[in-house]
Amino acid sequence: MAAEKLYAGTDVGSSWTKVVLLNPAKSLVGYCLKKSGTDFSATARRCLEASLEMADARSEDIACSFSTGYGRKNVDYADDTRTEIGCHAKGCFHYFPSAMTIIDIGGQDNKIVKLDGSGQRTSFKMNRKCAAGTGAFLEEMATRLDLSLDEMDRLARQSTEMVKLGSFCTVFSATEVLENIRQGRKVADIVKGVYFSMIRRVLEMDSLTETVVMTGGVVAHNPYMVTMTEELVGRKIMVPEHPQLTGAIGAALYAMNSTGLGMNED
Amino acid sequence: MTEEKIVERKPIKATKEMGRIMTAYYFQLNDAARTHSQKIAWCTSVGPAEILRSLGFLVYFPENHGAMLGASRMATDTIPEANAIGYSPDICSYLTADVGAYLKGVTPLSKAYKGIESVPKPDVLVYNTNQCRDVQDWFAWYAREFKAPLVGIETHRGVGDVSDAHVESIAKQMEAIVSPLEEVAGRKFDLEELKRVLALSRECSELWKQVLDTASHTPSPLTFYDGAIHMGPAVVLRGTQQAVDYYRLLLAELNERIANNVAAVEGERHRLYWEGMPIWGRLSAHAKMFAALSTCVLASTYCNSWIFTAFDPDDPFTSMARAYTELFIVRSDESKERYIKQMIDFFKADGVIYHDAKTCPNNSNCRYGMPQRMERLTGLPSLILHGDLNDLRLISDEQTRTNVEAFVEQLEENKT
């Protein structure tokens, strides 16, 4: 049974809901991820219960709880909310305390957030309305190629002659994929082309300055994309231990700060 | 559950009077169109309305109707009608919403003013391309539809310093439209009458400027959202005594707020400058969203665009040409940059929001690196919202909300 106070962060994303529990030392003692589904509130609660079980704790042990993400206002147990932009910034600075550019690739949006050396946000950008370059794009392409998302990373690594996909538009890109299938191109080469297209869409959002950190579910499940980005930009890219949980960890850190704890450490 | 706070900005008492004069304006147009008692001219919003009034025309402004289609959220249903006859979804959504509404046989005027069934038919259409080239195409469509004459002024674009040559060429074009307008009006042009109308326009403009300038006070007694609503008389009634009287009333109320330190947004913590077109269909929603975040979007280039300080009744054509060429929208990026910086300083803004309106490239001043240059110049952060003036299909409300909340979080964290 956890005797210490815990701080909960809940990130209700468009695809996945993530809950984390941090102890006062900011260690991750419990977490859970589930598909967000259609009842954000219920999913968040189930994730919280599983996280508590993992931490061997009770809900009474939670001193404060913040939520973030697309469904941040639907978390009935949260004391307050912060945007996912703020939470990813907070989470990344916790792992890499320096000036940085954060690239977060989520289910339905991408973000580029810049922090100065003290962790203050200096700017941020979200992708425009279009889904190009987001997890939704990857899901659409997986469907077109009749692949599971898990297979894509392995296949991309096997590519010997990457195809080029030029369109901004997800639907037009899907047409390009069909054209490449028709021409008999290898699936591995098409998958790598899909990855490359996503990276290009993200990189054209902003310049990369200082330390570059990548987070989000897409990075967690497609780590080869980080390698490809490193090759493209010619620099090392940092990835936190749990890239998909970074937003939830940021929310938990905000919760901790709101109680007066850990304010000067991040 | 984290409750969403609903916060309204402080209501302006003068709104009732504005409603009264706008109602009278539209019924006068409607009656004239029905009875043919007075000639009607359609005019672009920053066109030579003063010349038209001096010739006895009642003046109707399709752009105001376009904004009403947006604000009433009818535009998204009417735009496809215009798209279907060849007007692209990528061009001005005032144009497509307005032409689409005509084709569909609907108007927000019917909802706002019981008894009005359609827009008033024009006897002549007069444009000035100082807003954009789209107004010319827009008016040309109606000129063909109503078989009415179309006259216009083609303005210089990308103007740096306004030179005498610029002014002279526009003044000549203004003089040249008098004769065809006399023909439609059925009466001779009277210079003294133009001077009288221009004097009223100048007074309206000065009062409107004073109204908008009240937002420089901390806390601001006015929001951009109030400005977007209360600019109605400055657009459609400038050159009349009603507009002058109205802005005196509004100014007195705002000065009273200043005297009593009354804020438009209670607990004002952040002050933002709006650059670009309003998002008409979300005006009220956005006003509430910012108010709930204790943030006052207090001023804008958009509302300032109906300030014409150059108007001089003693030299009407030259001064009108100057005023209508000094407009922000026709100026070079260097001039725009200087202007925005000056406004940020004057209104003591903490940041800038740029609206990148998909169908209005002419008034989306964030596509050539302006936000980045302005950030370097002022050290203040900015946010770009991707949306549109009228076409709600081009707006993601959730993305807008997240962007705005994250921006205010950033302002808040950098303040503490």
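Good morning. I begin with a pairing inside chain A: S4(A) and S5(A) run parallel and are joined by two bridges. Strands here, like helices, are DSSP runs numbered from the N terminus, with at least two residues (E) for a strand and at least four (H or I) for a helix. Two strands count as paired if DSSP finds at least two bridges between them.

A word on the source. This is a predicted model, in which local features need pLDDT of at least 70 and side-chain atom pairs count only at pLDDT 80 or more, while totals for chains, interfaces and linings use all residues. Residues are numbered from 1 along each chain as its sequence is written, chains are lettered from A and ligands numbered from 1 in the order in which they are written, and side-chain values use heavy atoms, with hydrogens and water left out.

Let me return to the strands. How many of the seven residues of S4(A) are buried? Six are, and the strand, residues 62-68, is mostly covered. Buried means under 20% relative accessible area, exposed means over 50%, and partly exposed lies in between, with a 1.4 Å probe and protein chains only.

Chain A also holds an open sheet of five strands with mixed pairing, in the order S8-S7-S6-S9-S10. S8 and strand S10 (237-238) of chain A stand at the edges with a single partner strand each, so one side of each has no neighbour in the sheet. Within this sheet, strand S6 (residues 100-105) and strand S9 (residues 211-215) of chain A run parallel and are joined by five bridges. Met100(A) stands opposite Thr211(A) in that pairing.

Next, the helices of chain A. Helix H4 of chain A, residues 149-157, has as its buried residues Met152(A), Asp153(A), Leu155(A) and Ala156(A). Their cover includes helix H3 (135-144), helix H6 (187-203), helix H7 (217-221) and helix H8 (224-233) of chain A. Helix H6 of chain A contains Ser197(A), which is buried at a relative accessible area of 3%. Apart from its neighbours within four places in sequence, Ser197(A) is in contact, that is, has heavy atoms within 4.5 Å, with Phe137(A) and Leu165(A).

I now turn to the interface. Chain A contributes 29 residues in contact with 24 residues of chain B. The area buried between the two chains is about 2200 Å², and carbon and sulfur atoms give 46% of that area. Buried area is the accessible area, with a 1.4 Å probe, that two parts lose on being put together, summed over both.

How many salt bridges does the rule find across the interface of chain A and chain B? The rule finds four, a salt bridge being a side-chain nitrogen of Lys or Arg within 4 Å of a carboxyl oxygen of Asp or Glu. One salt bridge joins the side chains of Arg121(A) and Glu409(B), at 3.0 Å from N to O. Strand S5 (80-81), helix H2 (84-95) and strand S8 (121-126) of chain A each supply at least two residues to the side of chain A that touches chain B. S8(A) gives the most, with six residues. A network of salt bridges also links Arg72(A), Lys73(A) and Glu84(A) with Arg401(B) and Glu405(B).

Finally, the salt bridges within chain B. Over all chains, a search of the whole structure finds 45 salt bridges. Lys172(B) and Glu168(B) form one of these, at 3.5 Å from N to O. Both residues lie in helix H8 of chain B, residues 164-185, four residues apart, about one turn of the helix. Lys172(B) is exposed at 53% relative accessibility, and Glu168(B) is partly exposed at 46%.

Asp345(B) and Lys341(B) also form a salt bridge, with their closest N and O atoms 2.6 Å apart. They too are four residues apart, here in helix H16 (residues 333-346) of chain B, and are separated by about one helical turn. Asp345(B) is partly exposed at 43%, and Lys341(B) is partly exposed at 25%.
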